Amino acid sequence: MATHGDHPELPDEVEAMLDEDVSTLFLKAGCLPRAKRGHIGQIKLIEVEGQSEWENLAMERLQSDLESLVEANQDRPDCFREINRIGCMVLQLGDLRITCASPPFSDAREITIVRPVVKLSLDQYDLDPRLIERLSDHQRGVFISGRPGSGKTTLAQAVAEYLDSEMGQMVKTMEAPRDLQLAARITQYAPLEGDLEKTSEIIFLVRPDFVIFDEVRRARDFEIFSDVRLAGVGLLGVTHANSALEAIQRLIGKVELGLVPQVLDTILHVEHGKIVQVLELRMVVKPPTGMQDDLSRPVIEVVRFPSGKVSHEMFAFGSEISVVPVDGVGGTKSPILRFARHGLCNAVRDMLHMRCEVDLVSTTQASIYVPDRMVGAAVGPQGSMVKDMEEELGLNLQIKPMSEMPRSLSKTMEQDGDAGFDIQEMRSRQSRAWETHKGGKRKKGKGRRK
């Protein structure tokens, strides 16, 4: 496919603005041209010097010239229309990805030209040999995460070419749009009939050892990632996330919790073109950290590589899935109790169908505070409601009136950001309960005077 730095010559006025360190050029009718300049991690957006505002007719003429370039270079496999829709067209011209937008899709004509400013080999990342060994194993599911422009795609290209040239593996890609710069023998697939799921069906027929899935964004993309991985194909996905942990959390809910470690076992987080964090996932059966042995359950450990230190645990708590830090968190209660309270509170509200707050006293006991008049309903006939909840949650529960909820607990809830807790409402309830109590005494007194 495309070769770094190689593309058909553009119109002179555009080619002059594509200096060596320009990664993106922005042209818009009625605006001065702007460009992103610099290397990964040091990119700045500036106005292009010596340029005037582009007129609408000039923008229309430029788009027509770019389309003509695609037609004139049909002999090149790296020149084609990637997307052609009303108001939007995406062209690939060598190593350039050109997006043309026009009304009614955009408010004015706009042309954005994107190109990579650097191409690296895996050797240039100076990786731990153990990490290279993990990446070479086609039985793994890998995420490369990072913010836009952090160097995710550059790393994915380096891994793909290493697997192809050094490991002798058959590598294919799934991209929308196709803009990875790879060796010609690595086939790059676009969405078949606009659907990546159909592309994944073809992927199985060509028997690759490893697939690069560029830009895993939407919920359906994560489901397709899961399907391909569970079919036994080695898979590397590129996704946007602020941290490696957030990349894992994006997968939760799209895939059953027990399948997460089989779908994804390695996450590489990239910032400024460098790998700054590597996490592993592994499944164990044990009580979550801070809980007693009788609460054992499947737990997914998030492990730092290469130290092997567990940083987070993921597990089902009632109907909620908790992602809990196991180190580095302060507080009077253990992190597991502070975090699990939110999940427990949601589970109890679903069971009781009423307003309530929860204090997770220990790993085996919790207090549930309900409106004073609803204590009986929460307990249930002969304590049946409480017994059912205790069996499902595996905790000893005490039902208490909300008027008895300690102020220290209300402050903890405010600090934890409990969206369902309103301290003013609680105080109002307490006030009403006090007034009702006083009212009862007055009636008694009147009765005695008679």
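Strands β8 (residues 141-146) and β12 (residues 234-240) run parallel to each other, joined over 6 bridges; two strands count as paired if DSSP finds at least two bridges between them. Helices (H or I, at least four residues) and strands (E, at least two) are DSSP runs, numbered from the N terminus. In this pair, Gly141 sits opposite Leu235 of β12.

This is a predicted model, where local features need pLDDT of at least 70, side-chain atom pairs count only at pLDDT 80 or more, and totals for chains, interfaces and linings use all residues. Residues are numbered from 1 along each chain as its sequence is written, and side-chain values use heavy atoms, with hydrogens and water left out.

Zooming out, the pair belongs to an open, mixed sheet of 10 strands, ordered β10-β9-β11-β12-β8-β13-β14-β15-β16-β17. β10 (187-189) and β17 (320-325) are the edge strands, each with a single partner, so one side of each has no neighbour in the sheet. From one strand to the next, the twist averages 20°.

Angles run from 0 to 180 degrees between N-to-C directions, with axes as lines fitted to C-alpha atoms, for helices over the stretch in contact.

| Helix | Strands touched or crossed | Angle |
|---|---|---|
| α4 (residues 152-165) | β8, β9, β11, β12, β13, β14 | about 170° with β12 |

Then there's helix α2 (residues 56-72), whose buried residues include Met59, Leu62 and Leu66; buried means under 20% relative accessible area (1.4 Å probe, protein chains only). The buried residues of α2 pack against α1, β1, β4, β5, β6 and β7.

Key:
Contact = heavy atoms within 4.5 Å. Buried < 20%, exposed > 50% of the residue type's maximum accessible area, 1.4 Å probe, protein only.
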